[in-house]
Structure formats: C-alpha cells, structure tokens
Amino acid sequence: MTKGSAFVIGATGQIGRAAVRALAEDGWEVRAASRSGGGDADWSGSVRRVRLDREDDAALAAALGDGVDVLVDVVAYGQPHARQLTGLGDRIGSAVVISSGAVYEDDKGRSFDTQSEPDGAPRYPVPIVESLATVAPGDATYGTRKVALERELLESAVPSTLLRAGAIHGPHCRSPRELHFVKRALDARPVRILAYGGRSRFHPSHVANIAELIRLAALKPGSRVLNAADPEAPTVAEISAAVDEVLGVRSEIVPMDGAPEAMVGLTPWSGPHPIVYDMSAAERELGYRPVTGYVSSLPQTVEWLAAELKGRDWRTAFPPMARYGDLFDYAAEDAWLAARRT
C-alpha cells in the first residue's frame, strides 16, 4: 500500500535526485519532473519521469492533473514561484520547499547580503534558531527572494514546510565547495592557505539529510520553517584534513591571521564568524535524525568529484564555479608564501 502521491519539481538536480529516491523507497508514488525529463540510475523503477518547464504555468497545471498529496519543490525561487504553487493550491495536499540559511540577519541587520561591505560579515548567534530575524522580502538578492517565497507560502492555505538549507554538499552538485580541496590534492599541491586561521565554519547540509527531512515533512504536513543541516559543522581546516584523508595525501595547513588577500586564503567556507544552524526544531517536530555526517559522506562526494574532473579542466567540469575567478592561482599562493618567509 502506497503512502500517497508525490510530485518533485527539479528532480534531476542534486537535491531532487535524493528526494525522489527517499520518497520512492518510503512507498510513495513519485512523479519526477525536470526540464530534461531524465532520471537517476538509483531510482526505483516505479518512478515516473516527467518533462516539465516549471516556468510554464499551464504545463505545471497539466502535469499535476487531478492533484497530488505532496508537492516537493527544490528549485522554487521568489514570490512568482510561490504564487504559481498557491494558485494550484486546490490540487496540492501539502508542499515541501527548499529555502536557504541565507535568509537570516543578525541583530545589527547584517546578513549574507552585506558580507562584502566593511564590517558587513554577519555575527549570528551559535547556533542559529529559526526564530532569528530574516532579511526583508524582495527581489534584490538570493536571500530576499527566498524570504518572499517563504512568506507567500506560509500565508497561503497550502500547508508548506520550508527547509532552510546550509552549505549543500554531495554528488551531482553544480557548484561543489569540495572542489577547492579535491583539486589541490589531485594536483599534489603541498599547502592549504586558510584565512581566519582555518577556523571558519559554514554549516554543511548533505543531500541525503535534506532528503530525509523532505520524507518526514511529507508524512507530517504543516506550515513551518526548519533548518536543514548536518549533525556537525566542521571548521575549514577540518574539512581540508578530511579531504586529504579520503585521497590519501598529506598537506600543510598554513593559517592566515585574518581575511583573504584577493583569492589567496579564500575558500567556499571562509568567513570571520561561524555560521551554525540549530536542528532541534526538526528533531522535535518531525522526529528527524540525520542519516549521514560530513566526514562519513565525504568519500562518495570526493569519488564523484574526482571522476568529473578526470581529463577535464575544472571550468569545463563545473562552469558555475568559474564565475568566482581563478580558484587555483598557485603562482599567487607561492608569491604570498615567499613574502611571508622573508
């Protein structure tokens, strides 16, 4: 006997693949919708694949047909997508939608959006609870659009669980943070220069843990916001050492006293203050227990990354990462190291 019908938008993305698998294994009748209409080798044979452009309101309405018990949207972004879903509220029993930890602001109004400003790095409480203030809703930034999405859904008649994810990791990521250390290890780079003394913490969220939260929220509909993060929040130095361990290499960590100097010392987790999410609400409301941890999940991620990089330039393998500039300017690192030694 099935638990009901589930419809996943963004099914072939990093989170979507894991969500479809978790729901299908739990006994849901799953329709997996994506622009390509593709699938994943790990999915159950019962999963139905649907080709869908989610920007096409009529196509989404047609794909939902008479309706679904739970709609999972891993790519919703901003008020228009929220209104698209609420406009189909009579066909959606409940919704589980991915939001972001980027929505929070500290007691001085600093947030992810102010990080590039002088003294703009947020100083969040450790850990961050869901009741912490957020940036104002709007269209200006990623964070403001996610808040607009949240507000619209929470004020609607559709019971909606919003999952505020941290630094998402795992296979099939288009912008994998672990690339920073995996490529250095594969290149036999002997040092890891880390800003802020290597103490930065940006709480990771493995896709399997997010998928577990989706599975549990589908079983217990409600209107709520919940953090979505791993059981531990390692420092960037600990992440570096863990990647080295997986690849069987040993590198020297060279801590910088303060902020990065241009790209030298910068990592995808770097920041002067820790970002750690509290998971007690998910445990209390959904009975959530993580299915994996950062270190235990790392071998699979590293194996996938190394395979994607094999014989390819990193910019070709992961085009979105190229927008950050030259992430592997070893000449600049060597120049910094030489100046440090004089």
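Okay, quick definition before anything else: helices (H or I, at least four residues) and strands (E, at least two) are DSSP runs, numbered from the N terminus. By that definition, Asp73 has its place in strand S4. I'll come back to Asp73.

Some housekeeping. This is a predicted model, so to speak about it at all we ask local features for pLDDT of at least 70 and count side-chain atom pairs only at pLDDT 80 or more, while totals for chains, interfaces and linings use all residues. Residues are numbered from 1 along each chain as its sequence is written, and side-chain values use heavy atoms, with hydrogens and water left out.

Let's start with the sheet. There's an open sheet of seven strands, parallel in its pairing, and the order is S3-S2-S1-S4-S5-S6-S10. Pairing here means that DSSP finds at least two bridges between two strands. At the edges sit strand S3 (48-51) and strand S10 (224-228), each of which pairs on one side only. From one strand to the next, the twist averages 20°. For angles, axes are lines fitted to C-alpha atoms, for helices over the stretch in contact, and the angles run from 0 to 180 degrees between N-to-C directions.

Strand S1 (residues 4-9) and strand S2 (residues 28-34) run parallel, joined by six bridges. How much of S2 is covered? Mostly covered is the answer: six of its seven residues are buried. Buried means under 20% relative accessible area, exposed means over 50%, and partly exposed is in between (1.4 Å probe, protein chains only).

Now the helices on the sheet. Helix H2 (residues 57-64) lies across S1, S2, S3, S4 and S5, and runs at about 155° to S1. Its buried residues are Leu60, Ala61, Ala63 and Leu64. Down the axis of H2 those buried residues fall within an arc of 165°, so they line one face of the helix; the arc is that of the directions from the helix axis to the C-beta atoms. What do the buried residues of H2 pack against? They pack against S1, S2, S3, S4, helix H3 (79-86) and S5, where contact means heavy atoms within 4.5 Å. Turned away from that buried side, the face of H2 carries the exposed residues Ala58 and Ala62.

Both ends of H2 are worth a click. At the start, a side-chain oxygen of Asp56 reaches to within 3.2 Å of the backbone nitrogen of Ala58. Just after H2, Gly65 takes a positive phi of about 60°.

Back to Asp73, as promised. Is Asp73 buried or exposed? Asp73 counts as buried, at 0% relative accessibility. The side chain of Asp73 makes a polar contact of 2.8 Å with that of Arg54. By polar contact I mean a pair of N or O atoms within 3.5 Å; within protein, one must be able to donate a hydrogen and the other to accept it, and residues adjacent in sequence count only if both atoms are side-chain atoms. A polar atom of the Asp73 side chain also lies 3.1 Å from the backbone nitrogen of Val75. Leaving aside neighbours within four places in sequence, Asp73 touches Ile9, Arg54, Leu85, Val96, Val97 and Ile98.

The axes of helix H5 (residues 179-186) and helix H9 (residues 294-309) come within 10 Å and cross at roughly 65°. Leu179, Val182, Lys183 and Leu186 of H5 make the contact with Val302, Leu305, Ala306 and Leu309 of H9.

The peptide bond from Val126 to Pro127 is cis, with omega near 0°, and Pro127 lies in the loop between S5 and helix H4 (142-154). His172 isn't a glycine, yet has a positive phi of about 75°; His172 counts as partly exposed, at 32% relative accessibility. Ala262 has a positive phi too, near 55°, and is exposed with a relative accessible area of 69%.
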